Structure formats: structure tokens, C-alpha cells
Amino acid sequence: MKMKLADLLCVTVLVSSGASFPYERKSATGKEKKVQYAAWDDVNVLAHGLLQLGQGLKEHVDKSKSHVRDISIKLKVFDSTVAELGQLTQRLQEDSEVLKMKAQSLEQREGQILNISSELREKVEELLRDRQTIQEKMSKLEDKVDGMMQSKGTGPPTGNYSDPRIIQWMLEAQNHRIDELVEQIKQQQEKLDKQNIHLRTLQSQIQIRNDLPSLKHKKDESHQNTSAEQRDSPITMASNCHDLFLRGETTSGLYTIQPSDSQPFEVFCEMTSESGWTVVQRRQDGSVDFDQLWEAYQTGFGSLSGEFWLGLDKIHHVTKDKDYVLQIQLADWRDAHQTIKYLFRLNGEANNYSLHILSPAGYLESALASESSGLPFSTRDKDNDRKNGFNCANHLSGGWWFTNCGHSNLNGRYFVTSTPKQKHQRKQGVFWKTWHGRYYPLKTTVMMIAPAEIENKS
């Protein structure tokens with residue numbers, strides 16, 4: 001068992017003081033005797049004690065160095081952590097200032113919108129008063145006309161409006177003025193609706209902006225403390241592009257969304273000043289072959305930055321929980337444009353992704369909305385069209401919601417240079433019959449969807 005350092009020093013001092021030096025002893029007569037030295041065993045004990053003392057000192061020095069190194073490392077880690085915390089604090093302060101400025105800007109815009117809404121309400125009330133006044137005048141004119149018609153056989157009535165033709169003209173002018181006022185009222189009401197929706201959007205953006213500092217603080221805490229409880233609380237992903245718009249995204253481009261009961265996937269979002277649209281199809285240059293089979297149309301193909309088909313399964317997951325608006329943008333080779341809109345619902349794979357048009361169809365819309373019971377999707381390897389004994393997808397090229405093959409097909413062949421001369425080949429092009437006919441190949445097409453709640457913004 002090793003001796004303690006203090007005990008070892010005591011033994012060494014005692015041994016060295018008692019037996020480590022030679023001495024002389026004189027006799028009673030005063031004569032000197034021989035010099036005597038310490039015993040060899042005492043010397044060995046002294047040497048062994050010194051050796052143990054050296055080893056103990058060395059071990060103590062080594063332990064002290066190790067402790068010093070550990071303390072130095074911990075101090076460096078502590079300094080680094082303090083520096084990182086200082087940087088994070090500075091960034092949080094800067095972000096807080098930016099968010100405060102943005103919140104103030106949004107509050108100012110909200111105040112302006114409220115003022116505009118108040119002015120619009122006043123104008124509507126004024127128009128309603130004018131309408132009431134005009135109706136009263138019309139009633140008086142009708143009474144005068146009735147009196148004139150009753151006295152027509154006995155002679156002309158007295159007054160300034162004795163000619164029935166003049167009165168008829170006045171009545172027509174008044175009716176025209178009333179129609180104009182009613183149209184103005186409708187326009188003002190639409191503007192009010194848009195302003196209200198825009199106001200709600202701004203309020204949502206303000207709420208999201210106000211929540212950002214707490215979310216960022218939670219994120220920093222999660223970065224510093226990696227406990228399982230914090231790792232299991234991610235922010236919910238958007239289910240469509242309009243959700244991203246409500247969260248403050250205003251730039252068109254590629255985003256990742258996750259509808260309910262679906263895995264996340266990437267989409268192209270077309271952001272406008274009032275809403276966000278999820279693009280499901282684009283044709284622009286013929287770089288992608290749209291003559292694909294059922295599985296390709298189900299999962300999607302092409303490039304989101306160019307020509308593509310998003311996929312029936314993805315479209316169904318986005319739209320299955322509520323009604324959506326389908327907006328189709330067409331352009332011809334003279335750069336004339338046409339926009340068509342439908343309120344729709346899309347079934348799943350079990351019903352062959354049948355398309356149900358819920359809004360009334362005009363002339364342009366009838367190219368796709370002629371079947372109110374729903375049109376199943378059809379490809380050349382899965383014939384679901386309405387024409388018995390004939391495969392429209394195989395005859396026209398591409399997959400589409402076909403009726404009798406002749407109304408529309410935005411997934412047909414894209415003719416880049418010139419239209420084919422043969423009639424059966426021209427039928428295979430990208431066409432919309434109620435706009436330019438079934439033999440006119442279109443230049444560009446874009447199909448995009450958004451929740452039905454934004455329909456008043458369009």
C-alpha cells in the first residue's frame with residue numbers, strides 16, 4: 001500500500017536527521033576514534049523513501065496536468081457556447097425588429113382596406129337610395145301613361161308629356177339607367193366581397209407573422225435541447241398552394257405540400273395577388289410526350305418547371321375533402337387568350353377518377369361539361385369513354401375525360417411546326433372545340449386548381 005505524501009515526507013525527515021550523516025565520537029580521555037557511518041539498511045530505507053516520494057510527486061503532477069487540460073477544454077466549449085448564444089440572441093433581435101416592421105406595415109394596409117370598405121359601403125348605400133328614387137319616378141311615369149292611355153279616345157291630355165312616343169322613350173331611358181345602376185351595384189358588391197376576402201387574408205398573414213417569433217424561439221430551443229419530446233412536434237405542412245399563400249408565400253415556383261392521408265410531394269404554385277393555384281397540367285413547347293398509359297397518368301410525368309401532368313392520384317388527394325375550382329387557360333398561335341372556369345369534384349381510382357362539373361356551363365365550358373353525371377378518365381390502355389365500341393384515347397392520342405371524342409382534348413399531340421394536312425392527324429392535336437374548333441391545335445394550355453372559397457377573387 002502506497003504511503004501518503006505527508007507521511008512519506010515525515011519519514012524521510014526523520015531518517016535523514018537521525019542516520020544519514022557520519023559523526024565523530026570522543027572518548028573520556030579526549031582521544032578521537034574512527035568515524036562511523038549510518039548502516040546500509042538505513043540508507044536503503046532513505047533511498048526507497050525518496051524513490052516513493054518522487055513517484056508520488058510525478059503521479060500528482062500528471063493528475064494535475066490532466067485536470068488542467070479538462071478544465072481548459074470545458075472552458076473552450078463554454079466560450080464557444082456563449083459566443084453561439086450571443087449570435088443567436090442578436091439574430092433573434094434582428095428578426096424581431098423585421099417582424100415588427102412588417103406587422104406595422106400590415107396593420108397600415110389593414111387600416112387602408114377598412115377605409116376603402118367603408119367608402120364602398122357608403123357608395124352602395126347611395127346607389128340604393130338613387131335606385132329607390134328612380135323607382136318612385138318610374139311609378140309616377142307609369143301613372144301618367146295609364147292616365148294618357150285612358151284619355152286617348154277623348155283627346156290629348158294636358159301637360160308637357162302628351163306624346164306617348166316621348167313617354168315610351170323616357171321609360172326606355174329610365175329602364176336603361178336602372179340597369180346601369182343595378183350593374184354598378186353588382187360591381188360594387190363584388191368589390192366589397194373581394195375586399196372582405198382580402199382583409200381576411202391579411203388578418204391570417206398578420207396572425208402568422210405574429211406567431212413566427214414563438215415558432216422560431218421553439219426551433220432554437222429544439223436545436224439546443226434535442227429531447228425526444230421536442231423532436232416529435234413538427235409544424236404541419238400545407239395541403240395546397242392556397243394554404244401556402246395564406247402563410248405568406250407570394251412567389252410562384254416549386255413548393256412541397258402534403259394533403260391529408262398522403263405523402264408529401266412537390267408541385268408548382270402559381271401565386272396571384274389574391275390567391276394561390278396548384279398547377280396540374282402545362283403544355284407549351286411539345287417537349288414531353290403526353291401519349292402515355294394509365295399508370296403514367298395516374299402517378300404523373302414530365303417536369304414541373306416545363307411541360308407536365310401532375311397525376312390523377314395527387315389531384316384527387318388535394319381535392320377530395322372539399323369542392324375546388326378548375327381554371328383552364330388557353331392560348332392560340334396569335335397569342336389570343338381564353339380562360340375557362342369550373343366548380344368541380346374528382347372521384348378516386350375506384351371510380352376511374354370521374355370528373356363532376358358542379359357549376360352551370362356556358363358555350364365555351366360545354367366542351368368539357370356536357371356530362372353532368374361525371375366523366376371517367378380514359379387512356380388507350382384503359383377505355384372508359386362514353387363512345388361504345390371505340391377508344392377515343394387511342395384515336396385522338398393522350399388521356400382525357402372523353403365523351404364522344406369530339407369536344408376537347410388538352411393532352412393530345414403537340415404540333416410544333418405546322419398543322420398536318422390529313423384530317424385524321426389534325427384530330428389528334430391539342431384542341432378545344434367551342435373556342436377554335438376541333439381542328440385548330442392550341443399553342444399553350446395550363447390547368448390549375450384552388451379551393452372554391454377563392455372563386456370570388458377571380
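Is Trp-294 buried or exposed? Trp-294 is buried, because its relative accessible area is 7%. Buried means under 20% relative accessible area, exposed means over 50%, and partly exposed lies in between, with a 1.4 Å probe and protein chains only.

A word on the model. It is predicted, so local features need pLDDT of at least 70, side-chain atom pairs count only at pLDDT 80 or more, and totals for chains, interfaces and linings use all residues. Residues are numbered from 1 along each chain as its sequence is written, and side-chain values use heavy atoms, with hydrogens and water left out.

Now the rings. The count comes to 11 aromatic pairs. Rings of Phe, Tyr and Trp (its six-membered ring) pair if their centres lie within 6.5 Å; planes under 30 degrees apart are stacked, over 60 edge-to-face, the rest tilted. Take Trp-294 and Tyr-353: their centres are 6.0 Å apart and their planes are at 40°, so this pair is tilted. It links distant parts of the chain. Trp-294 sits in helix 6 (residues 294–299), Tyr-353 in the loop between strand 7 and strand 8 (355–357), and they are 59 residues apart. Helices (H or I, at least four residues) and strands (E, at least two) are DSSP runs, numbered from the N terminus. Tyr-353 is buried too, at 0% relative accessibility.

Next pair. Tyr-297 and Phe-377 have ring centres 5.4 Å apart and planes at 50°, so they are tilted. Tyr-297 is in helix 6, and Phe-377 is in the loop between strand 8 and helix 8 (392–396), 80 residues away. Both Tyr-297 and Phe-377 are buried.

Lys-382 lies over the face of Trp-294, 4.4 Å from the ring centre. The rule for that: NZ of Lys or CZ of Arg within 6 Å of the ring centre and within 35 degrees of the ring normal.

A cavity is a set of points on a 1 Å grid over the protein atoms alone, where a 1.4 Å probe fits but cannot get out; lining residues have an atom within 4 Å of a point. The largest cavity holds about 70 Å³. Trp-309 and Trp-401 are among its lining residues. That lining has 10 nonpolar, no polar and no charged residues. The second largest cavity holds about 40 Å³. Trp-400 and Trp-401 are among the residues that line it.

Note on methods: On a 1 Å grid over the protein atoms alone, a cavity is a set of points where a 1.4 Å probe fits but cannot get out, and a pocket is an open set with protein on both sides within 12 Å along at least five of seven lines; lining residues have an atom within 4 Å of a point. Grid points are joined across faces, edges and corners, and a volume is the space filled by probe spheres set on the points. Ala, Val, Leu, Ile, Met, Phe, Trp, Tyr, Cys and Pro count as nonpolar, Asp, Glu, Lys and Arg as charged, and the others, Gly among them, as polar.
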